[in-house]
2 protein chains.
Amino acid sequence: MNALPIPARETEPAIDAAVLIERLARDARAAQRGLAAMPSIARQAALEQAAAALRRAAPQILEANAVDVANGAAAGLSGAMIDRLRLDPARIEAMAAGVAEVAALDDPVGRIIDETRRPNGMVLRRVRVPIGLIGIIYESRPNVTADAAALCVRSGNAVLLRGGSEAVHSNRAIHAALAEGLAAGGVPADAVQLVPTQDRAAVGAMLAASGLIDMIVPRGGKSLVARVQADARVPVLAHLDGINHTFVDRAADPAMARDIAFNAKLRRPGVCGSMETLLIDALFPDPHGLVEPLLAAGCELRGDARACAIDPRIKPADPADWDTEYLDAVLSVAVVDGLDAALAHIACHASGHTDAIVTGDADAAERFLGAVDSAIVMHNASSQFADGGEFGLGAEIGIATGRLHARGPVALEGLTTYKWLVLGSGQIRP
Amino acid sequence: MNALPIPARETEPAIDAAVLIERLARDARAAQRGLAAMPSIARQAALEQAAAALRRAAPQILEANAVDVANGAAAGLSGAMIDRLRLDPARIEAMAAGVAEVAALDDPVGRIIDETRRPNGMVLRRVRVPIGLIGIIYESRPNVTADAAALCVRSGNAVLLRGGSEAVHSNRAIHAALAEGLAAGGVPADAVQLVPTQDRAAVGAMLAASGLIDMIVPRGGKSLVARVQADARVPVLAHLDGINHTFVDRAADPAMARDIAFNAKLRRPGVCGSMETLLIDALFPDPHGLVEPLLAAGCELRGDARACAIDPRIKPADPADWDTEYLDAVLSVAVVDGLDAALAHIACHASGHTDAIVTGDADAAERFLGAVDSAIVMHNASSQFADGGEFGLGAEIGIATGRLHARGPVALEGLTTYKWLVLGSGQIRP
């Protein structure tokens with residue numbers, strides 16, 4: 001198929017982006033009240049209908065996606081970007097299956113967090129409620145349209161979806177299918193909206209929509225996340241970096257440490273849970289056994305002076321290496337004088353994502369787990385487990401390294417907040 | 001005592017506010033790690049020492065306070081502001097007792113939120129940890145210095161305190177006493193800091209200190225909170241307005257409704273939990289019995305046309321009345337056509353603080369509790385109960401109407417976040 005020009009209807013009339021986003025958000029907020037009032041089982045059934053509609057619409061989605069892929073190729077997108085953009089029947093089936101899986105997850109809405117009875121007989125109950133309106137700002141992966149919409153609907157939230165311009169036809173086709181299925185299931189139409197313009201000012205308007213959009217989740221590369229974090233007036237749930245450390249303590253089992261380090265770096269070097277810095281206790285007995293499998297597998301190691309002494313294939317690290325998320329088969333390595341030095345290195349360089357200790361010393365593990373203040377702190381496990389699915393959450397809207405509201409893998413619970421119910425029998429305050 | 005000029009040492013050398021706040025915040029963050037590492041019982045003991053130090057320092061605090069009061073009087077502060085500023089031995093004792101009470105509260109830090117075991121044997125545990133560095137920006141009440149510091153220290157957080165210039169001598173004397181007691185108890189000195197300048201640019205620098213200050217809590221009037229919310233790049237925990245509604249349903253017990261309405265408005269009209277709008281179901285049998293005690297007590301009532309028909313003393317409301325927080329013996333009153341109309345009014349005008357229904361109809365109550373999305377939703381109780389102490393939280397850092405992290409009365413738990421601990425035995429991800 002030849003690259004197609006963006007059809008004429010894509011050229012929207014000039015409309016102020018802030019006005020547009022305000023209108024969409026107000027409609028979405030009104031729809032959210034209807035969505036939140038639906039019984040859990042009805043939201044569940046609607047998502048099952050959405051999954052079915054996605055499957056039925058596979059031909060149209062593939063056709064739309066082919067336009068995006070052709071346009072992307074003509075615009076000179078890289079192979080990796082084209083791959084992220086491209087859909088095939090298996091990917092559409094996976095997307096539909098994902099929506100059905102989210103439908104099957106336990107509903108967090110209405111769950112009672114705690115309940116107390118006051119001496120005057122009033123009962124105080126905290127119950128989970130949807131946050132309200134979530135904004136998703138994402139790049140080229142069209143499956144985010146379905147994933148994010150499903151998580152928001154399951155948790156009773158309305159959502160404004162703003163995908164990348166390179167995936168505009170795919171996103172529209174996916175959204176149309178979702179909308180059809182959700183409408184058949186009784187979800188108010190405005191609860192799941194695709195922002196109908198690729199004007200970049202719409203992103204700025206979303207980020208500024210304090211009081212209209214309750215939370216923004218950026219899904220994409222570091223430059224997108226950095227821009228969103230820098231400009232947003234709305235709370236942002238995200239992580240910028242995953243500069244994850246694994247500290248191999250003197251009391252680590254050498255074979256366990258070797259396997260964990262290898263897996264943490266090389267299972268999939270490009271995921272955010274990938275280890276980026278290996279810290280080796282100077283008294284760990286087998287440092288060469290630790291780095292050898294990594295080097296043999298082609299991983300580039302960049303070390304401090306003591307790490308370079310372990311193996312001549314280890315190159316000297318630059319100071320910037322300790323603050324770099326490679327997302328590749330590259331690893332920085334430092335030899336440190338025990339747990340305290342490891343903690344000091346982590347306090348200085350970690351991005352608050354996932355940091356791990358490997359040790360057989362329970363006291364050292366306890367100190368590490370207490371002192372490291374990242375969203376996820378691990379003992380004797382690979383940092384590649386940093387994932388909502390692996391945590392048993394069923395799916396994730398993202399991983400958060402901020403300190404408030406939700407940290408680490410965020411799934412349905414993180415898309416809720418709570419309210420206090422006060423159940424009285426006529427109490428007045430003295 | 002005569003009004004004293006601010007002594008010469010108050011004139012600080014010109015130092016860039018952002019540089020100053022960054023230095024203070026970095027020192028505080030370093031100290032927070034030490035504070036968080038202290039056992040709960042040690043933080044508790046240190047707060048008890050701080051309470052004792054406050055009691056010992058009463059003469060110096062009163063002397064400093066007299067300077068502030070005299071300066072305030074000379075500067076023409078209103079009687080109400082002078083009253084908020086003034087300390088006496090009883091108020092100092094209450095402040096010290098408050099610190100000791102916070103010391104006695106259960107420590108939220110380290111509390112396990114939940115724990116699961118994965119099929120591969122990994123244990124996932126969410127534990128509460130301090131947020132980090134809290135910034136408190138407040139006005140003329142010097143007791144906030146002690147209250148806020150105590151809550152932060154109990155929950156393992158460092159705190160930067162920025163009080164109003166009218167209370168500068170009082171705040172310094174209170175802080176000096178607290179610091180002495182906390183230091184004797186082993187709390188790192190930089191964990192509780194009073195911003196040492198009254199330069200207003202320091203407030204702007206605190207609000208901009210994203211990544212250095214984790215959360216800002218403004219304590220004061222609406223203009224302070226509005227400024228903080230508008231300018232902050234750091235998350236803010238606050239409420240701007242408490243436009244609280246009480247809906248008297250057709251099935252309300254008339255005597256209960258009368259007592260709740262009277263208490264909700266007039267117990268203390270100036271607190272944020274005070275009722276500002278009374279919504280009366282058109283089918284409620286005794287509307288005059290509802291408003292009569294309020295009118296008899298001198299409360300000004302402003303009503304819509306149907307409310308004005310209840311009693312000639314009710315004045316016509318302006319449209320702005322429905323969005324006004326009077327904080328005074330003034331109340332807006334509307335007659336509405338049942339629960340749905342009440343919900344529509346509340347959805348349009350509530351500020352998300354505290355809204356209540358009075359009814360004997362369990363279905364109506366359930367619908368109201370489900371549909372109203374405020375931080376606190378009450379059934380058959382006075383909105384004046386909206387208070388951390390009344391909720392059994394022991395104390396509160398504030399009441400939040402935002403949707404994320406913490407809502408309603410926020411106490412120690414709201415000053416914590418969580419991290420995930422992953423306890424493995426060598427697991428690697430397939």
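**Domains.** I looked up the separation of the domains in chain A: the C-alpha centres of domain 1 and domain 2 lie 36 Å apart. Domain 1 covers 15-231 and domain 2 covers 244-390; the bounds come from an automatic or database domain assignment.

**Conventions.** I note that this is a predicted model, in which local features need pLDDT of at least 70 and side-chain atom pairs count only at pLDDT 80 or more, while totals for chains, interfaces and linings use all residues. Residues are numbered from 1 along each chain as its sequence is written, and chains are lettered from A and ligands numbered from 1 in the order in which they are written.

**Interface.** I counted contacts between the chains, two residues being in contact if their C-beta atoms, placed from the backbone, lie within 7 Å. On this criterion 51 residues of chain A are in contact with 51 residues of chain B. On the side of chain A that touches chain B, at least two residues each come from strand S2 (123-130), helix H10 (254-266), helix H14 (362-371), strand S13 (376-381) and strand S16 (416-427). Helices (H or I, at least four residues) and strands (E, at least two) are DSSP runs numbered from the N terminus. S16(A) gives the most, with 11 residues. By class, this side of chain A has 25 nonpolar, 16 polar and 10 charged residues; Ala, Val, Leu, Ile, Met, Phe, Trp, Tyr, Cys and Pro count as nonpolar, Asp, Glu, Lys and Arg as charged, and the others, Gly among them, as polar. I find that 100% of the interface residues of chain A are also interface residues in chain B, so the copies meet through the same surface.

S16(A) and S13(B) run parallel and are joined by five bridges; strands pair if DSSP finds at least two bridges between them. I checked A:Gln427, whose bridge partner in S13(B) is B:Ala381.

**Positive phi.** I recorded B:Asn380 in strand S13 (residues 376-381) of chain B, with a positive phi of about 55° although it is not a glycine. B:Asn380 is buried, with 22 other C-beta atoms within 10 Å; buried means 20 or more such atoms, exposed 12 or fewer, and partly exposed in between, with C-beta atoms placed from the backbone. B:His405 also has a positive phi, near 70°. B:His405 lies in the loop between strands S14 (398-400) and S15 (408-410) of chain B and is buried, with 20 other C-beta atoms within 10 Å.

**Core.** The largest nonpolar core has 271 residues, and A:Leu54 and B:Leu54 have the most contacts inside it. Such a core is a set of buried Ala, Val, Leu, Ile, Met, Phe, Trp, Tyr and Cys residues joined through C-beta atoms within 7 Å. Leaving aside neighbours within four places in sequence, I found B:Leu54 in contact with residues including B:Ile92, B:Met95, B:Val99 and B:Leu178.

**B:Gly242.** I located B:Gly242 in the loop between helix H9 (222-231) and strand S7 (244-248) of chain B. B:Gly242 is buried, with 26 other C-beta atoms within 10 Å. Not counting residues up to four places away in sequence, B:Gly242 touches B:Cys272, B:Glu325 and B:His353, among others.
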